[in-house]
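This report goes through helix packing, a chain contact and selected residues. The sequence and structure come first.

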Amino acid sequence: MDKLFDFELTAKLLGIDFVQTALLAAAVLGLVAGVLGPLIVMRRMSFAVHGTAELAFTGAAAALLIGIGVSYGALAGAVIAALLLGLLGGRESDRDSVIGVILSFGLGLGVLLLWYYPGRASNKFGILVGQIVAVDSTDVTVLVVSSVVVLAVLALIYRPLLFATVDPAVATARGVPVRMLSPLFAVLVGIATALGVQIVGALLVVALMVTPAAAAARVTASPWKATVLAVVFAEVAALGGIVLSLAPGAPVSFFVTAISFLIYLVCRSIAYFRGRTRRDPVSEPAALPSPAAPGR
Amino acid sequence: MSQPSLPVEIKEAALRFGDRTLWSGLDLEVEPGEFLAVLGPNGSGKTSLLRVLLGLNSLSEGKVSVVGRPPGRGNNKVGYIPQQRAMDEALTLRGTDLVGLGLDGHHWGVGLRGIGARRRKVADAVASVGAESYATSPVGRLSGGEQQRLRVAQALIGEPELLLCDEPLASLDLTHQRIVSELIDKRRGEAETAVLFVTHEINPILSYVDRVLYLVNGQFRIGKPDEVMNSATLSELYGAKIEVIKVGGQIHVAGTQSALCEDQVHHHADERVH
């Protein structure tokens with residue numbers, strides 16, 4: 001760990017091709033995760049993200065076994081998971097248990113598939129905890145194309161989706177196709193999750209998809225500001241995590257999740273201290289949360 | 001001269017769920033600027049009537065038109081104020097965002113075009129319900145009364161010709177019941193907006209009500225409050241002895257404790273949405 005601040009080594013490693021590919025992948029993922037995050041948090045889908053990630057792992061394991069690109073397998077697994085969760089977990093009361101049921105089976109199946117896989121053990125481990133330096137140019141193409149699709153569809157459905165999320169009754173009355181938007185958004189989240197699996201791994205993808213947005217929700221109530229902050233937080237975590245991991249050669253996922261968690265703690269503290277001053281009778285009762293400084 | 005379309009026209013309508021008939025033979029016309037209260041015990045089909053007008057349920061028989069159109073998804077001339085309900089405190093949504101969704105939340109896209117004009121409209125709507133002081137607070141931290149005021153703004157920002165209200169006063173304290181019903185009545189006075197107000201309690205709105213539709217066990221009566229809310233009519237409707245007592249400008253219905261039991265609001269218009 002004493003190599004953590006070996007800037008010379010870090011700078012040297014930053015010049016390497018596959019490191020730059022990794023950074024590009026992380027930047028794209030941070031953008032997508034940050035944009036989707038606030039809606040995931042508002043729709044209480046954190047556990048669904050985790051469940052989807054486990055099935056992305058199953059898909060990736062299957063792809064590894066039959067010898068096609070891991071990213072395609074992860075994508076297929078996550079989209080199937082999103083559709084399954086959408087179909088079986090329509091009622092809010094069911095959703096929690098349905099996710100638990102599906103994710104445990106998917107994880108078990110993935111373990112079996114990996115057991116059949118004769119290749120290197122590090123490939124197997126990589127799907128679970130991430131292996132960004134193994135991202136190659138095909139993966140990057142898949143990543144960029146998928147991200148563009150996700151962002152374009154989200155831009156199209158953003159307002160009705162926000163309406164349906166916060167106010168389903170009125171949204172339905174105003175003609176928003178609330179029932180169609182849920183599975184559609186679940187598929188978008190599934191695609192983004194599958195991309196995240198390659199960087200931080202199936203177990204830790206929540207750190208990019210949920211934590212930045214949860215942190216942003218602590219410091220602002222504006223949907224726009226929350227989205228911008230979540231993107232900034234996710235980028236800082238994803239890119240910062242890779243850069244910090246270079247010199248010590250330690251797992252990327254630790255640094256990504258640690259930065260993400262740290263940002264969350266900072267935002268919670270800001271909210272706490274702001275809450276204390278707000279109760280102060282001198283301050284305005286409806287004081288606007290001032291734009292928070294992006295966490296470092 | 002062509003007749004302008006009425007806010008609500010219902011002809012020989014019936015609504016059944018399975019073998020159960022909620023109501024049948026219902027004829028109802030609501031004029032511009034009219035305030036119609038829809039009353040009745042739970043399960044009498046008050047909310048189902050509202051859902052028909054919103055286009056969420058279809059009639060089993062008969063015809064219905066809302067501001068000249070079949071009730072459909074997203075008629076811009078119809079505003080809807082739902083029952084108050086708790087909102088998540090961590091929701092990243094301010095009062096102004098809630099109101100703004102009433103303006104263009106049903107449009108596709110992210111809505112960056114015309115953002116200045118939109119902001120002015122939202123500010124005007126917020127001001128019209130006197131909610132400026134808390135409009136930028138997170139909606140989850142607002143009280144029920146504050147939330148319902150914003151709901152009125154949300155429904156009025158689209159400048160509706162018909163306002164459908166589903167128990168908007170339920171779970172509000174008396175002061176806010178008065179404020180919210182005054183705001184609804186004010187809109188009616190200013191813009192001739194018709195109001196169809198589903199409620200289990202007529203007293204907070206009694207002074208504004210032009211006509212009452214009272215639904216009980218498949219039967220109904222329509223008329224001025226005095227014509228419907230009297231002992232003879234309600235006894236006939238319920239098929240039991242009912243005493244209607246008028247005290248200090250309020251109406252109290254006695255003798256129906258078991259049938260009425262209206263202290264609790266049991267339904268939600270959106271319960272099938274999820």
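In this predicted model, A:Ala81, A:Leu84, A:Leu85 and A:Leu88 of helix 4 of chain A meet A:Val98, A:Ile99, A:Ile102 and A:Gly106 of helix 5 of chain A. Seven of the residues in the contact of helix 4 of chain A with helix 5 of chain A are nonpolar, one is polar and none is charged. Helix 4 covers residues 70-88 of chain A and helix 5 covers residues 92-116 of chain A; they pack at an angle of about 150 degrees, with their axes 10 Å apart. Helix 4 of chain A is therefore roughly antiparallel to helix 5 of chain A, since angles over 145 degrees count as such. The crossing of helix 4 of chain A and helix 5 of chain A is right-handed.

With helix 7 of chain A, the axes come within 10 Å and cross at roughly 15 degrees, which makes helix 2 of chain A roughly parallel to helix 7 of chain A. The crossing of helix 2 of chain A and helix 7 of chain A is left-handed. On the side of helix 2 of chain A, the residues in this contact are A:Thr21, A:Leu24, A:Ala25, A:Val28, A:Val32, A:Val35, A:Leu36, A:Leu39 and A:Met42. Among their partners in helix 7 of chain A are A:Ser137, A:Val140, A:Leu143, A:Val144, A:Leu161 and A:Val166. The contact of helix 2 of chain A with helix 7 of chain A comprises 16 nonpolar and four polar residues, and no charged ones.

Helix 2 of chain A also packs with helix 9 of chain A, residues 178-200, at an angle of about 145 degrees, and here the axes are 10 Å apart. The crossing of helix 2 of chain A and helix 9 of chain A is left-handed. Residues of helix 2 of chain A in this contact include A:Ala25, A:Ala26, A:Leu29, A:Val32, A:Ala33 and A:Leu36. Helix 9 of chain A contributes A:Phe185, A:Leu188, A:Val189, A:Ala192, A:Leu195, A:Gly196 and A:Ile199. Sorted by class, the contact of helix 2 of chain A with helix 9 of chain A has 14 nonpolar residues, one polar residue and no charged residues.

The contact between the chains draws 33 residues from chain A and 30 residues from chain B. On the side of chain A that touches chain B, helix 2 (17-42), helix 7 (137-166), helix 8 (168-173) and helix 12 (223-246) of chain A each supply at least two residues. Helix 7 of chain A gives the most to that side, with nine residues. The side of chain A that touches chain B has 24 nonpolar, four polar and five charged residues.

Chain B has eight helices and 11 strands. Its radius of gyration is 19 Å, close to the 19 Å that the globule rule gives for 274 residues, so chain B is as compact as a globular protein of that length. The C-alpha trace of chain B spans about 60 × 45 × 40 Å along its principal axes. Of the 274 residues of chain B, 45% count as buried. Among contacts in chain B with a separation of 6 or more, 67% are between residues 24 or more positions apart.

One of the residues of strand 8 (residues 211-216) of chain B is B:Leu213. B:Leu213 is buried, because 22 other C-beta atoms lie within 10 Å and 20 or more are needed to count as buried. Leaving out residues up to four places away in sequence, B:Leu213 touches B:Leu28, B:Leu36, B:Val38, B:Phe220 and B:Ile222. B:Leu213 and B:Ile184 are 29 residues apart along the chain, and their C-alpha atoms are separated by 18 Å.

Two glutamates of chain B have a positive phi although neither is a glycine. The table gives their values.

Methods:
Residues are numbered from 1 along each chain as its sequence is written. Chains are lettered from A and ligands numbered from 1 in the order in which they are written. This is a predicted model: local features need pLDDT of at least 70, side-chain atom pairs count only at pLDDT 80 or more; totals for chains, interfaces and linings use all residues. Axes are lines fitted to C-alpha atoms, for helices over the stretch in contact, and angles run from 0 to 180 degrees between N-to-C directions. Helices (H or I, at least four residues) and strands (E, at least two) are DSSP runs, numbered from the N terminus. Angles under 35 degrees count as roughly parallel, over 145 as roughly antiparallel, 65 to 115 as roughly perpendicular and the rest as oblique. A crossing is left-handed if the near helix is turned anticlockwise from the far one by less than a right angle, and right-handed if clockwise. Two residues are in contact if their C-beta atoms, placed from the backbone, lie within 7 Å. Ala, Val, Leu, Ile, Met, Phe, Trp, Tyr, Cys and Pro count as nonpolar, Asp, Glu, Lys and Arg as charged, and the others, Gly among them, as polar. The radius of gyration is taken over C-alpha atoms; the globule rule is 2.2 Å times the number of residues to the power 0.38. A residue is buried if 20 or more other C-beta atoms lie within 10 Å of its own, exposed if 12 or fewer, and partly exposed in between; C-beta atoms are placed from the backbone.
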